[in-house]
Amino acid sequence: MAPLDSARRRQGNRSRRLAVLLTTIAAALVVLPGMALAAPAGQQLNAADQALLDGVRLAGLWEMPAGQMAAEKGQSPVVREIGAEIARQHEELDRITVDAANKLGAIIPNAPTAEQQGWLTEMKDATGARFDRIFVTRLRVAHGKIFPVIGAVRSSTRNPVIRDLANEANIFVGDHMTMLESTGLVRWAELPPAALPAPGNDGLLAAASANTGPGIGVSNTVIWAIFLGALGTGGFLTYRMFRRS
């Protein structure tokens, strides 16, 4: 009877091992393909994407109070009108930017930079025609700096939320530059020349072009390789188990 019991135990062990193996293969069929679809590349947030979020947010944080200041103390009626409109539009763009950051779980600035605070102080201390010139030129220079960044990120980002933000920001910034230029007060000599990134440049435009930066998620190729390897191994072991039994 002992040999018979031993054979039965061996047969039971084989059956349990076979059940576990088949369950594992079934889980691989269900779970692994789902994992590959759960982390699409389009949800990645890289360094250039974050820089756009930060840049648009910072623009609103200082240009809203600058516009409100122009609406109150601008000497020219045109400057007062443009200041009020820019402040209003930046309030809307800021809401769009905050919504995008919340969707992505990204941290964005909540106060202007020290340089931007300095520009606001400069405007507070100016009056009359001098204020108008400072307001128009400072904002035109700032818009000129963020404008190419928006285009660079828009052309290369893989993130649909960032694409939508870039589309919105592009419209607002383009309109603001046109409004500021319509005053005839832009001091063109103070605008920085266009700077195109050289190959290997570590700046934002180069990063956006290369679409570099840390991303989240796992490569679909790696997941499928693991899945197929596990499936092949499982099939081989199943064949050997049946052959022995």
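**Close-up views of an all-helix predicted model**

Figure 1. The side chain of Thr-97 comes within a polar contact of the backbone oxygen of Leu-93, at 2.8 Å. A polar contact is a pair of N or O atoms within 3.5 Å; within protein, one must be able to donate a hydrogen and the other to accept it, and residues adjacent in sequence count only if both atoms are side-chain atoms. This is a predicted model: local features need pLDDT of at least 70, side-chain atom pairs count only at pLDDT 80 or more, and totals for chains, interfaces and linings use all residues. Residues are numbered from 1 along each chain as its sequence is written, and side-chain values use heavy atoms, leaving out hydrogens and water. Thr-97 is found in α3. Helices are DSSP runs of H or I with at least four residues, strands are runs of E with at least two, and both are numbered from the N terminus. Thr-97 is buried, at 0% relative accessible area. Buried means under 20% relative accessible area, exposed over 50%, and partly exposed in between (1.4 Å probe, protein chains only). Beyond four places in sequence, Thr-97 is in contact with Leu-53, Val-56, Arg-57, Ile-108 and Leu-165. Contact means heavy atoms within 4.5 Å.

Figure 2. On a 1 Å grid over the protein atoms alone, a cavity is a set of points where a 1.4 Å probe fits but cannot get out; lining residues have an atom within 4 Å of a point. Val-56, Ala-59, Glu-63, His-90, Leu-93, His-143, Ile-146, Ile-150 and Val-173 line the largest cavity. Helices α2 (47–73), α3 (77–104) and α5 (128–156) each supply at least two of the lining residues. By class, the lining has 6 nonpolar, 2 polar and 1 charged residues. Ala, Val, Leu, Ile, Met, Phe, Trp, Tyr, Cys and Pro count as nonpolar, Asp, Glu, Lys and Arg as charged, and the others, Gly among them, as polar.

**Figure 3. Ile-146 in helix α5.** Ile-146 lies in α5 and is buried, with a relative accessible area of 14%. Leaving aside neighbours within four places in sequence, Ile-146 is in contact with Gly-55, Val-56 and Val-173. The C-alpha atoms of Ile-146 and Ala-59 are 8.5 Å apart, although 87 residues separate them along the chain.

Figure 4. Asn-159 caps the N-terminal end of α6, with a side-chain oxygen 2.9 Å from the backbone nitrogen of Val-161. The 22 residues of α6 (residues 160–181) should span 32 Å at 1.5 Å a residue, and the end C-alpha atoms are 32 Å apart, which agrees. The expected span is 1.5 Å times one less than the number of residues. Buried residues of α6 include Val-161, Leu-165, Phe-172 and Val-173. The buried residues of α6 pack against α2, α3 and α5.

Figure 5. Lys-103, in α3, counts as exposed at 66% relative accessibility. Its C-alpha atom is 8.0 Å from that of Val-161, 58 residues away along the chain. Gln-116 lies in α4 (residues 114–125) and is buried, with a relative accessible area of 9%. Not counting residues up to four places away in sequence, Gln-116 touches Leu-58, Ala-59 and Trp-62.

Terms used. On a 1 Å grid over the protein atoms alone, a cavity is a set of points where a 1.4 Å probe fits but cannot get out, and a pocket is an open set with protein on both sides within 12 Å along at least five of seven lines; lining residues have an atom within 4 Å of a point.
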